[in-house]
Amino acid sequence: ATLMNYKGSSEISGLPLDKAYKIGTTTVTAKVVSMADFLANKYEGQYVEIDTPVQVSESDLSKTWVVGGAHTNINMEDADGNKFLVRSGKYSSFGAQTVAQGSGKIKGIASIYNSDIQLVFAQTSDYAGLTGARFVKEVVAASAEGLVVAVSEKSYLIKTADGYAYVFV
């Protein structure tokens, strides 16, 4: 067998199943970790609980944990806009369930694929905490009259009679 790196994750390759055997039974308790450390991939391969409430991103609320019988990524976010993926294998026992609609804390196995930080559920109770009220991003409305002097991907710079004002889109 070989211990190797596959797209950022540690992996054992070439280990015949008849050479793997159980040597004991231990209940594993999730290690509580900060969102920053989780996103920095400090716990790859470990069973963790993220200390920050999260929720499924709005764009994925209508999905199931597994879509179309294929391995599926579901986008997750916290109230500060930090994002990561929940990765569900096509053989997941919970794959046909609609993703959780609320917010809360979740557990799973920390993973990385290329540069995508992921969490893989080990059991259905890992997402059972997603029952709280969803948090919403604050929307700020603004208006200004003047001459548009610059445009970027996320904002306009407008020259007004009083000076300059940014108007975000």
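A residue is called buried when its relative accessible area is under 20%, exposed when that area is over 50%, and partly exposed in between, as judged with a 1.4 Å probe and the protein chains only. The structure above is a predicted model, in which local features need a pLDDT of at least 70 and side-chain atom pairs count only at pLDDT 80 or more, while totals for chains, interfaces and linings use all residues. Residues are numbered from 1 along each chain as its sequence is written, and side-chain values use heavy atoms, with hydrogens and water left out.

With these terms in hand, we can turn to the salt bridges, each of which is a side-chain nitrogen of Lys or Arg within 4 Å of a carboxyl oxygen of Asp or Glu. By this rule there are three of them. In one, Lys63 and Asp60 meet through their side chains at 2.8 Å, N to O; Asp60 is buried because its relative accessible area is 2%, whereas Lys63, at 31%, is partly exposed. In another, Lys42 pairs with Asp37, and their closest N and O atoms are 3.2 Å apart; here Lys42 counts as exposed at 52% relative accessibility, and Asp37 as partly exposed at 24%. Glu77 pairs with Lys83, with 3.4 Å between the closest N and O atoms, and Glu77 counts as buried, since its relative accessibility is 6%.

In soluble globular proteins, nonpolar side chains tend to be buried together. A nonpolar core is a set of buried Ala, Val, Leu, Ile, Met, Phe, Trp, Tyr and Cys residues joined through side-chain atoms within 4.5 Å. The largest such core in this model has 25 residues, and those touching the most other members are Phe38, Trp65, Met76, Phe84 and Ile106. Among the elements that give two or more residues to this core are helix 1 (35–39), strand 6 (72–78) and strand 7 (83–88), where helices (H or I, at least four residues) and strands (E, at least two) are DSSP runs numbered from the N terminus. If contact means heavy atoms within 4.5 Å, then Met76, leaving aside its neighbours within four places in sequence, is in contact with residues including Val54, Val56, Lys83, Phe84, Ile106 and Leu130.
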